[in-house]
Amino acid sequence: MNGWLLAAIVAAALVLVVKRLKGEPVTIRDLFAGPAVLTGLGVLFIAKADGVTGTDIAWVVPGALLGLGLGAARGTLVRLFEKEGVLWQRYTGRTFLVVIASLLISAGYGAFAEHMGMHPYARPTQLTIGVSFLGESLLIYYRARKTGTPFAPEQESPLAFLGRRSR
């Protein structure tokens, strides 16, 4: 993977974690846009990679399910609360313990899969991060719906002005 792309993904993940540490309103777009994009990029990377075999896919699918489950475990520990009439979320100390455990488990799975014959390029970082955040988002969405508190309204993208026409 391109070093700059990996650095951008890691930086974006760090920004997300810092925001969630402080607490932020829960919106549907924030829950699912990032994980969907990262997961899609990971799948695209695998689809375009040369030499991906059935064995590689046989390791990718359980690895993705593992990531989904680890993300869901993290999603159970995210604190949901009402603020200003809408739902907010915040990471807790226990959430970070699960983050560390997830990283170790995922790295162990990846090392084992490569030792057993999986090609390293068949396990893109985007897919690993994407499915993990997707698992977290699905669990947060489920928990959020049970609270009855409305999601925060979607905020306009900082780049929305690019799509506007001047009159």
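# Close-up views of the predicted model

**View A. Valine 10, at 40% relative accessibility, counts as partly exposed.** Partly exposed is the class between buried (under 20% relative accessible area) and exposed (over 50%), with a 1.4 Å probe and protein chains only. The model is predicted: local features need pLDDT of at least 70 and side-chain atom pairs count only at pLDDT 80 or more, while totals for chains, interfaces and linings use all residues. Residues are numbered from 1 along each chain as its sequence is written, and side-chain values use heavy atoms, with hydrogens and water left out. Valine 10 belongs to helix H1, which covers residues 3-22. Helices here are DSSP runs (H or I, at least four residues), and strands are runs of E with at least two; both are numbered from the N terminus. Together with Leu6 and Leu14, Val10 makes up a nonpolar surface patch of about 250 Å² accessible area. Such a patch takes residues with over 30% relative accessible area and no salt bridge, joining nonpolar side chains (Val, Leu, Ile, Met, Phe, Trp, Tyr) within 5 Å and like charges within 9 Å. The areas come from the Shrake-Rupley method with a 1.4 Å probe, and for residues only the protein chains shown count as cover.

**View B. The largest nonpolar core has 14 residues.** Val26 and Leu80 have the most contacts inside this core. The elements that contribute two or more residues are H1, helix H2 (28-48) and helix H5 (125-147). H5 gives the most, with 4 residues. A nonpolar core is a set of buried Ala, Val, Leu, Ile, Met, Phe, Trp, Tyr and Cys residues joined through side-chain atoms within 4.5 Å. In soluble globular proteins, nonpolar side chains tend to be buried together.

**View C. The whole structure contains 6 aromatic pairs.** The pair of phenylalanine 81 and tryptophan 88 is tilted, because the ring centres are 6.3 Å apart and the planes are at 35°. Rings of Phe, Tyr and Trp (its six-membered ring) pair if their centres lie within 6.5 Å; planes under 30 degrees apart are stacked, over 60 edge-to-face, and the rest tilted. Phenylalanine 81 and tryptophan 88 are both buried. Tyrosine 91 and phenylalanine 96 form an edge-to-face pair, 5.6 Å centre to centre with 75° between the planes. Tyrosine 91 counts as buried at 4% relative accessibility, whereas phenylalanine 96 counts as partly exposed at 24%. Elsewhere, Phe32, Tyr141 and Phe151 are linked into a cluster by ring pairs.

**View D. The charged end of lysine 83 sits over the ring of tryptophan 88.** The distance to the ring centre is 4.2 Å. The criterion is NZ of Lys or CZ of Arg within 6 Å of the ring centre and within 35 degrees of the ring normal.

**View E. Arginine 74 has its charged end over the ring of phenylalanine 133 and forms a salt bridge with glutamate 136.** From the charged end to the ring centre is 5.1 Å. In the salt bridge, the closest N and O atoms are 2.5 Å apart. This pair links distant parts of the chain, with glutamate 136 in helix H5 and arginine 74 in helix H3 (residues 54-76), 62 residues apart. A salt bridge is a side-chain nitrogen of Lys or Arg within 4 Å of a carboxyl oxygen of Asp or Glu. Glutamate 136 counts as buried because its relative accessibility is 0%, and arginine 74 counts as buried at 5%. Phenylalanine 133 is placed in helix H5 and, at 12% relative accessibility, is also buried.

View F. Glutamate 24 is buried, with a relative accessible area of 5%, while lysine 19 is partly exposed, with 40%.

**View G. Methionine 116 lies in the loop between helix H4 (93-115) and H5.** At 46% relative accessibility, this methionine counts as partly exposed. The C-alpha atoms of methionine 116 and alanine 73 are 27 Å apart, and the two residues are 43 residues apart along the chain.
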